[in-house]
Amino acid sequence: MEQEQILENGAETAAQDTGTQETMESMMEQIALSDLHKGEVRTGTVIGETDNGWLVDVSYKCEGYLPAKEWTHRILVGDAEKPHVGDSIDVQVVSIREGEEAQLLLSRWRHEFDRRWSEFEDKLARNDIIQVKTIRKVKGGLMVDCCGLEGFIPISHLAADGRGVNLNKFTDEVFDVKLLEKDRKKHRIVFSRKSLVEKEAAEQRAKFYEDVQEGAIVEGEVSSLTDFGVFVNIGAVDGLVHMSEISWKRSVRIKDAFKKGDKVTVKVIGIDRENNRISLSIRQALGDPWDSALENIQKGAVLVGPVTNVTDFGAFVEIEPGVEGLIHIGDISWTRIRHPKEAFRKGQEVKVQVLDIDRDKRRISLGYKQLNDPWRDLDKKYQKGQDITVKVVRLADFGAFVEVEEGVEGLIHISQLSTKRVEKPSDVLHEKQEVMARVIEVSPESRRMRLSISALEEPVAGAADAPRQPRSDEQRSKKPRGGQRGGEEKQRARVVQEEEANYTMGDLFKDQNISRD
């Protein structure tokens with residue numbers, strides 16, 4: 001019995017020692033948990049929610065307060081959703097106030113920022129080139145994600161030259177960058193990919209210059225448009241297609257013909273490796289339209305095309321795509337015109353005839369008036385002996401030029417102006433006067449028409465039978481010199497006949513000072 005009592009007393013003593021030990025351990029743990037300091041990170045449980053934050057139990061003598069503004073920060077990317085009661089979260093102690101009114105202020109984003117920044121620093125320590133992902137585009141550049149932290153890339157550091165960067169093409173893209181600037185206190189990180197792009201471009205240029213020679217035909221993409229040409233990216237470099245090398249056509253509007261991103265085929269026509277300049281041509285890649293035009297177009301052919309330009313000396317007409325011919329001012333109208341714009345306007349469709357082809361100089365002479373000849377079949381419209389009304393347009397020493405109809409002029413010789421002797425045509429006619437005349441000759445082949453006014457006049461009655469007046473003694477005393485008077489009349493008649501026979505439309509143009517030049 002004594003032995004059993006001893007055993008029972010020993011068990012009780014042992015139990016009391018164990019309880020005392022457990023109590024001491026619990027007290028030590030509470031002391032350790034209550035020993036908080038600023039900046040310490042603890043795991044707590046959300047036990048309540050207020051209008052502007054949450055109450056968090058971090059095993060301190062009072063609950064900690066986590067304001068809503070301390071939950072996240074703008075530099076944190078893809079942050080967690082707001083917590084609910086019962087959630088376990090990691091927080092950092094911001095401030096502690098001891099005493100009867102003890103307060104504990106907590107922050108979640110500060111701890112999260114420190115954790116992500118440490119990860120960011122570790123990556124930089126291992127490699128100066130790190131990967132980022134585009135978040136969004138902003139004024140002046142891009143916002144990117146690196147280790148869950150928001151960084152900025154200026155637009156000038158997105159490409160080698162900093163010009164013509166399309167921010168949209170970086171949407172959701174992952175690419176390599178280098179650190180340009182970091183400031184932990186200001187929560188600021190700035191990256192750059194410029195040096196990486198320059199290095200890559202230099203390698204591509206070196207390969208380009210090795211593989212591509214002048215005369216090569218390559219595919220490219222329009223990168224930018226200017227007033228003087230089009231820049232085309234051909235992989236390693238941007239080459240310039242000058243305005244003169246865009247098209248064989250005249251006056252092509254760049255903005256109407258191209259837009260950024262268009263795929264084009266170009267020919268390399270110049271390489272300046274020292275200055276890194278490439279000259280390209282779109283029209284040469286298409287082939288010279290003159291080669292086929294000179295084979296297909298024949299002299300005398302009738303073609304239709306738009307007027308592309310009107311100058312002082314004529315009008316240019318596009319007779320095939322990229323091929324133009326000239327209508328000289330002398331081949332526009334059969335009547336005299338001061339300027340080609342009196343007959344044509346830019347863009348007007350006209351029918352022309354090929355007059356001449358200079359294959360060496362690549363020139364094609366065109367005629368417009370040849371297809372609109374008013375002299376064609378004129379002898380069917382006006383017959384010999386027909387009386388018509390004409391308008392005096394010019395007076396010459398040997399007669400008067402009259403307009404029969406538009407483009408048709410005829411001549412009334414001085415001998416045909418009147419049945420009476422006429423010294424000068426201006427004695428009986430004046431310019432712009434309308435008179436009746438009789439057709440005495442029509443020749444479309446020689447482009448000549450002769451008319452007569454005297455043929456319409458009635459002979460003076462009794463003129464042939466009028467008695468002669470007796471000559472005076474002075475007249476009788478003067479002897480004619482071998483029929484001098486009769487000789488003068490015969491000579492004048494002969495001159496008149498020669499002038500009529502030799503008169504052509506060439507005399508008309510000569511007198512009117514009409515010249516192709």
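Student: What makes residues 27-33 a stretch to read with caution?

Tutor: This is a predicted model, and pLDDT stays under 50 over residues 27-33. For residues 27-33 the model has four contacts beyond four places in sequence. Residues 460-517 also stay under 50, and there the model has 40 such contacts.

Student: What is the mean pLDDT of the chain?

Tutor: The mean is 80, and 80% of the residues reach 70 or more.

Student: Why is glutamate 70 called buried?

Tutor: Buried means under 20% relative accessible area. Glutamate 70 has 9%, so it counts as buried. It lies in the loop between β3 (64-67) and β4 (88-97). Beyond its neighbours within four places in sequence, glutamate 70 is in contact with Leu106, Ser107, Arg108, Trp109 and Arg110.

Student: And why does phenylalanine 170 count as buried?

Tutor: The cut-off is under 20%, and phenylalanine 170 has a relative accessible area of 5%, so it is buried as well. Its place is the loop between β8 (149-154) and β9 (174-183). Not counting residues up to four places away in sequence, phenylalanine 170 touches Thr134, Leu142, Leu158, Val165, Phe175 and Arg193.

Student: How do you know that helix α3 has close to its expected span?

Tutor: Helix α3 (residues 194-211) has 18 residues, and at 1.5 Å a residue 26 Å is expected. From first C-alpha to last, α3 reaches 25 Å, which is close to that value. Its buried residues are Leu196, Val197, Ala201, Phe208 and Tyr209. They pack against β6 (129-138), β9, β14 (263-272) and β15 (277-281).

Student: What makes a group of residues a nonpolar core, and which residues have the most contacts inside the largest one?

Tutor: A core is a set of buried nonpolar residues joined through side-chain atoms within 4.5 Å. The largest has 24 residues, and those with the most contacts inside it are Phe120, Val132, Leu149, Ile153, Phe175 and Phe191. The elements giving two or more residues to this core are α2 (109-126), β6, β7 (141-146), β8, β9 and β10 (188-192). The largest share, five residues, comes from α2. Apart from this core lies another, of 22 residues, among them Ile388, Val392, Val402 and Ala437.

Student: What does leucine 149 touch?

Tutor: Among its contacts beyond four places in sequence are Ile75, Phe113, Phe120, Val144 and Ile189.

Student: How do you know that β16 and β19 pair?

Tutor: Pairing takes at least two bridges. Strand β16 (residues 302-310) and strand β19 (residues 349-358) have five, in the antiparallel sense, so they qualify as a pair. Within this pairing, valine 304 has lysine 351 in β19 as its bridge partner.

Student: Which strand does β19 join through five bridges, running antiparallel?

Tutor: That is strand β20 (residues 363-367). Aspartate 358 stands opposite arginine 363 in β20. β19 and β20 form a hairpin with four residues between them, and arginine 362 in the turn has a positive phi of about 55 degrees.

Student: In what order do the five strands of the barrel close?

Tutor: The order is β11-β12-β13-β15-β14, with mixed pairing. From one strand to the next, the twist averages 55 degrees. Strands β11 (residues 217-225) and β12 (residues 229-233) pair in the antiparallel sense over four bridges.

Key
Residues numbered from 1 in each chain as written. Heavy atoms only, no water. Buried < 20%, exposed > 50% of the residue type's maximum accessible area, 1.4 Å probe, protein only. Contact = heavy atoms within 4.5 Å. Expected span 1.5 Å × (residues − 1). pLDDT = per-residue confidence, 0-100. Axes fitted to C-alpha atoms, helices over the stretch in contact; angles between N-to-C directions.
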